[in-house]
Amino acid sequence: MLRQIAVDCPRTVPDVSFFQQEKIQKSLERVLYTWAIRHPASGYVQGINDLVTPFLVVFLSEYLEGSVESWLISDLSPDKLSDIEADCYWCLSKLLDGMQDHYTFAQPGIQRLVFKLKELVRRIDEPVSKHVEEQGLEFLQFAFRWFNCLLIREIPFHLVTRLWDTYLAEGDALPDFLVYIFASFLLTWSEELQKLDFQELVMFLQHLPTQNWTHQELEMVLSRAYMWHSMFNSSPSHLAS
């Protein structure tokens, strides 16, 4: 387990040089290993390493000034870093408490939410749903990573803390609300998706054009998600086959 964590930490948020500092990677290792041994039902699963990073950045921002890219972890005392690691551990635990079955054997929680996502997209945008099905693309092929890493790998890192605000505000209801966020995220490209064949769909969904996104695009995704949640969540029969 520790070996897998040590392999994954250098791969964490590779586009942000701050996370390539050895001291930060060791810090991530300690948080992840502690979480894993205290949660034996799941242990460490690839993807959880990404989920620590927003907490780490928020807590470090109390002590380090400027952009994340310019931070040097050597500017922080070992005692303060230890305190931050503890805070990250407890925040990660709180985030994942309601999603334990996302990371247990076969990850049944994610499988269940991917099915719900497929059904929701079918109700909201049948042409996209039909086209994806006709091309033989399974939602699990692209949405699994979204649920596993909570979209961290799909959007610019500077937008992640805004997304985490929404996640944490939802509390125990987060897993179900993720379905609405991810449906809104996917259908941002409704028109484009309907023009692509199977291979093009796979490539497009693996490398979504979000690199130039600002808070405006993310707010649009979240606004649609809230709207659809208010429409459908209180009337689950709307999502019945």
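How many Å separate the centres of domain 1 and domain 2, taken over C-alpha atoms? The separation of these centres is 25 Å, with domain 1 covering residues 1-102 and domain 2 covering residues 108-234, bounds that come from an automatic or database domain assignment. This is a predicted model, in which local features need pLDDT of at least 70 and side-chain atom pairs count only at pLDDT 80 or more, whereas totals for chains, interfaces and linings use all residues. Residues are numbered from 1 along each chain as its sequence is written, and side-chain values use heavy atoms, with hydrogens and water left out.

- Domain 1 contributes 19 residues to the contact and domain 2 contributes 19 residues, where contact means heavy atoms within 4.5 Å.
- About 1500 Å² is buried between domain 1 and domain 2, with carbon and sulfur atoms giving 71% of that area (the accessible area, for a 1.4 Å probe, that two parts lose on being put together, summed over both).
- P54, D101 and H102 supply 33% of the area that domain 1 buries against domain 2, more than any other three residues.

**Charged pairs**

- Two salt bridges are found across the interface of domain 1 and domain 2, each defined as a side-chain nitrogen of Lys or Arg within 4 Å of a carboxyl oxygen of Asp or Glu.
- D101 is joined to R112 by a salt bridge, in which the closest N and O atoms are 3.2 Å apart.

**The domain 1 side**

- Helix α3, residues 48-60, gives the most to the side of domain 1 that touches domain 2, with eight residues, helices being DSSP runs of H or I with at least four residues.

Key: Helices (H or I, at least four residues) and strands (E, at least two) are DSSP runs, numbered from the N terminus.
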